[in-house]
Structures are given as C-alpha cells and as structure tokens.
Amino acid sequence: MTGKRLTVREMAVLAMLGALMFALKAAMMALPNIHPVAVFIIAGTIYFGWRMLYAVAVYVMLEGIVYGFGIWWISYLYIWPLLVCITMLFRKTQGRLFWAVVAAVFGLCFGAMCAIPYLIAGGWSAAFSYWLSGIPFDIAHCVGNFAAVLVLLPVLLRAIGTAAGGKVQ
C-alpha cells in the first residue's frame, strides 16, 4: 500500500469488483471451475496494485457467508491473495499471452494449493486424495483461466480504469 487513503470512489470500485467476482462465479456455477475470478484479480491488481486485496477480501468473505466457512474456505484466505502477490511481481509486464499463461498455471495448481488445509487436518492421504480427485477440475480451471484472460483482460482494464477515474496506482 502506498500509505495514501482510499478515496470513496476507489472503495466503491474495489467493493464492486469483489461482489462482481462473486456474482459472476455464482452465475457460471454450471461450468465447474470455469469463472472469471483470476482475470478480475489480475486486471484489478495491474490497475490498483496492493489495494486489490480489499476486493479479494470482499470476494472471500462473500464466499464464506453464502457457502459456509468450511475447510475449503481456509484455502481462499491465502490462494487469492497469492494471485495478487504474483501479479504484483510482474505488474509492469504487458501482453495478454503472458497473463493468460500465469492464470492458466495458477488454475492448474489451484487444487494442490487447496489441499494444504486437508494436509493439516487429515494428513498426507487426505491431502493427496483431495488433490488427485480434483485434477479434472484443475485442468478445466487452467483452460478457463487461459481463455478468460485472453478475451477479457484488455476489456476489464479499460472498464476498471473508467470506473476508477483513469489513474493507475
């Protein structure tokens, strides 16, 4: 964070981004693990920097409130902020293909990252079986993330810029 206070406009845009990620994921629930959350986080982080963590917090809290605060939810506390961190490392990198590959790899690794709470709660066999059973979903997540970033990233960057007043942090 820059130490500068959020403006009311920034708060509103970040809250709406978090709510929109949640709503679009819910709307696309018929397609397992295919949703625009990663592209929203990447676009929002490119635009807002670390402030995107506010939108991620809104999204993660909505997930827990609506679907329950189960063991699966614990992984959301570190997985989505991790995508913000990864994006911050390469924030100045331009090119849809680069970001599509980042999002695809993230989607492919998603199940393994989600298995960590199961490792702690149930040991290696619980974590491994959780991860292994989800590999088809991770593949769908990988492909969906790749396609979503290729198609939506430029559009989202323009939309976020317009909503936020056009100033990149």
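## A buried phenylalanine and its ring partner

Phe 106 is buried, with a relative accessible area of 5%, where buried means under 20% relative accessible area, exposed over 50% and partly exposed in between, for a 1.4 Å probe and protein chains only. The model is a predicted one, in which local features need pLDDT of at least 70 and side-chain atom pairs count only at pLDDT 80 or more, whereas totals for chains, interfaces and linings use all residues. Residues are numbered from 1 along each chain as its sequence is written, and side-chain values use heavy atoms, with hydrogens and water left out.

## Aromatic pairs

Rings of Phe, Tyr and Trp (its six-membered ring) pair if their centres lie within 6.5 Å, and planes under 30 degrees apart count as stacked, over 60 as edge-to-face and the rest as tilted; by this rule the count comes to 15 aromatic pairs. The rings of Trp 80 and Phe 106 have centres 5.7 Å apart and planes at 45 degrees, so this pair is tilted. The pair links distant parts of the chain, with Trp 80 in helix H4 (residues 71-89) and Phe 106 in helix H5 (residues 96-114), 26 residues apart; helices (H or I, at least four residues) and strands (E, at least two) are DSSP runs, numbered from the N terminus. Trp 80 is buried, its relative accessible area being 0%.

A stacked aromatic pair is formed by Tyr 118 and Tyr 130, at 4.1 Å centre to centre and with 15 degrees between the planes. This pair too links distant parts of the chain, since Tyr 118 lies in helix H6 (residues 116-122) and Tyr 130 in helix H7 (residues 124-133), 12 residues apart. Tyr 118 counts as buried at 18% relative accessibility, whereas Tyr 130 counts as partly exposed at 29%. Ring pairs also link Tyr 59, Trp 72, Tyr 76, Trp 80, Phe 106 and Phe 110 into a cluster.

## Helix packing

Axes are lines fitted to C-alpha atoms, for helices over the stretch in contact, and angles run from 0 to 180 degrees between N-to-C directions. The axes of helix H2 (residues 37-48) and helix H3 (residues 52-67) come within 8 Å and cross at roughly 150 degrees, which makes H2 roughly antiparallel to H3; angles under 35 degrees count as roughly parallel, over 145 as roughly antiparallel, 65 to 115 as roughly perpendicular and the rest as oblique. In contact (heavy atoms within 4.5 Å) are Val 37, Phe 40, Ile 41, Gly 44, Thr 45 and Phe 48 of H2 with Met 52, Val 56 and Tyr 59 of H3. The residues of this contact divide into 7 nonpolar, 2 polar and no charged, where Ala, Val, Leu, Ile, Met, Phe, Trp, Tyr, Cys and Pro count as nonpolar, Asp, Glu, Lys and Arg as charged, and the others, Gly among them, as polar.

The axes of H7 and helix H8 (residues 135-164) come within 4 Å and cross at roughly 50 degrees, and H7 is therefore oblique to H8. Trp 131, Leu 132 and Ser 133 of H7 make the contact with Ile 135, Pro 136, Phe 137 and Asp 138 of H8.

## Cysteines

A disulfide is a pair of cysteine sulfur atoms within 2.5 Å, and by this rule the count comes to 0 disulfides. Cys 114 is in no disulfide, the nearest cysteine sulfur, that of Cys 109, being 11 Å away. The sulfur of Cys 142 is 8.8 Å from the closest cysteine sulfur, in Cys 109, and therefore too far for a bond.
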